[in-house]
Amino acid sequence: MAEVRRMLTTLLWSSNRRLPLLLLTAVLLSARVSAASIEDVRKQLDPATGKAKDTATAFGINGIVSARATLDGGKVLAFVQPVGAAGVPILVTGADAAKIVPRNEVTLTGTLGDGPLGFAVLLVKEGSVTVGQTNKAFGAAEPRGAELFKDASSLDGRYVSLTNASFLSPKLDGSGKIKVKADAGEVTVLVSKALKDRDVPAGAVNVFGVPVKVNGEWCLLAARFLSVNNRNAQNLATKHTCLTCHNPDVKAVGPAYRDVAARYKDDPDAVKKMCDQMEKGGGGRWGPVPMPALGAKVPPADREQLAQWIYGYRWDALLAE
Ligand code: HEC
């Protein structure tokens with residue numbers, strides 16, 4: 001680039017027709033953002049030192065937001081993943097932070113630099129984030145035992161889940177951290193600092209997220225918490241034909257369950273309202289199509305279990321606060 005600039009400067013001053021050349025220079029310099037694959041950007045991150053090799057180039061990337069946490073001052077640390085592969089950590093400030101919602105497809109520009117937690121991140125240029133589709137999947141999580149978190153280098157940037165986790169404190173305290181005990185050990189999970197005095201999920205859950213090394217300790221930047229009984233609940237939902245009209249993550253005939261749970265995330269009557277919906281059906285809240293009344297087919301205990309399962313998806317929205 002320095003070479004190009006020197007050539008242009010020479011040309012510029014040796015010419016009588018300065019204006020067109022000045023314009024050309026401006027165009028060439030402003031086109032310095034290089035569209036890059038997430039893999040290319042990852043190659044500029046040194047896992048041994050946590051530093052970036054190239055801090056000068058502005059990279060333009062496109063991918064799906066996975067794990068995410070709000071830090072001090074409303075800054076957001078998140079990962080942008082390609083489908084099924086390792087992602088890059090990004091740091092977002094200002095109004096763009098609100099667009100960094102898990103499962104949003106985003107296009108953004110940034111340069112690599114030191115992040116707030118001791119590893120390099122893509123420092124996103126303010127105003128550069130655009131959102132494409134929402135509710136997109138970035139691939140399936142790879143289940144991992146906590147044992148692997150003693151050294152998670154091989155999982156760096158990947159979307160994984162800790163199986164059978166239970167939370168070691170009953171509430172979130174706004175510190176942005178919470179410890180869980182999962183299969184074979186303890187792991188610190190990083191969550192939004194905006195989460196204070198919230199009850200943690202009860203019972204065993206699978207904790208989804210991306211491993212990050214914070215001051216020498218491997219932690220998990222959270223993406224979602226789901227009950228370990230998710231599979232049973234899905235089977236129940238299949239049996240009662242719910243999944244012919246609903247998908248947990250994507251809108252179908254009926255709303256996506258994660259959208260339903262997001263709408264009711266602060267409503268203490270959420271579970272009751274969902275049970276009523278199954279019993280009596282009805283429409284108008286999500287669109288013109290009504291849901292049939294299923295009270296005659298779905299017994300009350302099953303309704304309750306299904307509602308609790310759907311409500312579990314509220315963590316998608318809470319972790320994005
Ligand atoms: C024939 C299609 C269909 C089936 C089967 C169906 N739903 Fe629905 N469901 C819908 C539609 C459409 C809506 C949106 C209604 C509206 O706009 O208010 C909806 C809405 C919902 C809501 C949101 C209610 C609210 O208060 O916002 C929940 C929860 C729900 N369904 C759960 C279930 C469960 C659980 C089952 C299975 C027991 C099920 N649905 C079966 C079509 C269906």
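Two residues are taken to be in contact if their C-beta atoms, placed from the backbone, lie within 7 Å. On this basis, Val 200 in the predicted model touches Phe 167, Ser 169, Pro 170, Lys 171, Leu 172 and Ile 178, with residues up to four places away in sequence not counted. Val 200 is located in the loop between β15 and β16 (205-214). Between the C-alpha atoms of Val 200 and Asp 266 the separation is 14 Å, the two residues being 66 apart along the chain.

The overall fold of the chain was examined next. Nine helices and 17 strands make up its secondary structure. The C-alpha trace spans about 85 × 50 × 30 Å along its principal axes. The chain has 321 residues, of which 37% are buried. Among contacts with a separation of 6 or more, 61% are accounted for by residues 24 or more positions apart.

The largest nonpolar core contains 85 residues, and those touching the most other members are Ala 78, Val 80, Val 189, Val 207, Leu 221, Ala 222 and Ile 310. Strand β17 (residues 217-227) gives the most to this core, contributing seven residues. For Val 207, the contacts beyond its neighbours within four places in sequence are Ser 161, Leu 162, Ala 165, Val 180, Ala 182, Val 189, Leu 220, Ala 222 and Phe 225. Val 189 and Ala 222, which Val 207 contacts, are also listed among the core residues that touch the most other members.

Helix packing was described for α7 (residues 270-280) and α8 (residues 300-312), whose axes lie 9 Å apart at an angle of about 125 degrees. Because of this angle, α7 is oblique to α8. The contact between α7 and α8 involves nine nonpolar, one polar and three charged residues. On the α7 side these are Ala 270, Val 271, Met 274, Cys 275, Met 278 and Glu 279, and they meet Arg 303, Glu 304, Leu 306, Ala 307, Gln 308, Ile 310 and Tyr 311 of α8. The crossing of α7 past α8 is right-handed. Ile 310, on the α8 side of this contact, is one of the residues with the most contacts to other members of the largest nonpolar core.

Most residues other than glycine have a negative phi. Arg 103, which is not a glycine, has a positive phi of about 80 degrees. Asp 197, likewise a residue other than glycine, has a positive phi near 65 degrees.

Arg 103 has 21 C-beta neighbours inside 10 Å and so counts as buried. Asp 197 has 8 such neighbours inside 10 Å and therefore counts as exposed. Arg 103 is placed in the loop between β6 (88-92) and β7 (105-114), whereas Asp 197 is placed in strand β15 (residues 196-199). With residues up to four places away in sequence left out, Arg 103 touches Ile 64, Val 65, Thr 134, Asn 135 and Lys 136. The C-alpha atoms of Arg 103 and Asp 316 are separated by 9.4 Å, and these residues are 213 apart along the chain.

Notes:
Residues are numbered from 1 along each chain as its sequence is written. This is a predicted model: local features need pLDDT of at least 70, side-chain atom pairs count only at pLDDT 80 or more; totals for chains, interfaces and linings use all residues. Helices (H or I, at least four residues) and strands (E, at least two) are DSSP runs, numbered from the N terminus. A residue is buried if 20 or more other C-beta atoms lie within 10 Å of its own, exposed if 12 or fewer, and partly exposed in between; C-beta atoms are placed from the backbone. A nonpolar core is a set of buried Ala, Val, Leu, Ile, Met, Phe, Trp, Tyr and Cys residues joined through C-beta atoms within 7 Å. Axes are lines fitted to C-alpha atoms, for helices over the stretch in contact, and angles run from 0 to 180 degrees between N-to-C directions. Angles under 35 degrees count as roughly parallel, over 145 as roughly antiparallel, 65 to 115 as roughly perpendicular and the rest as oblique. A crossing is left-handed if the near helix is turned anticlockwise from the far one by less than a right angle, and right-handed if clockwise. Ala, Val, Leu, Ile, Met, Phe, Trp, Tyr, Cys and Pro count as nonpolar, Asp, Glu, Lys and Arg as charged, and the others, Gly among them, as polar.
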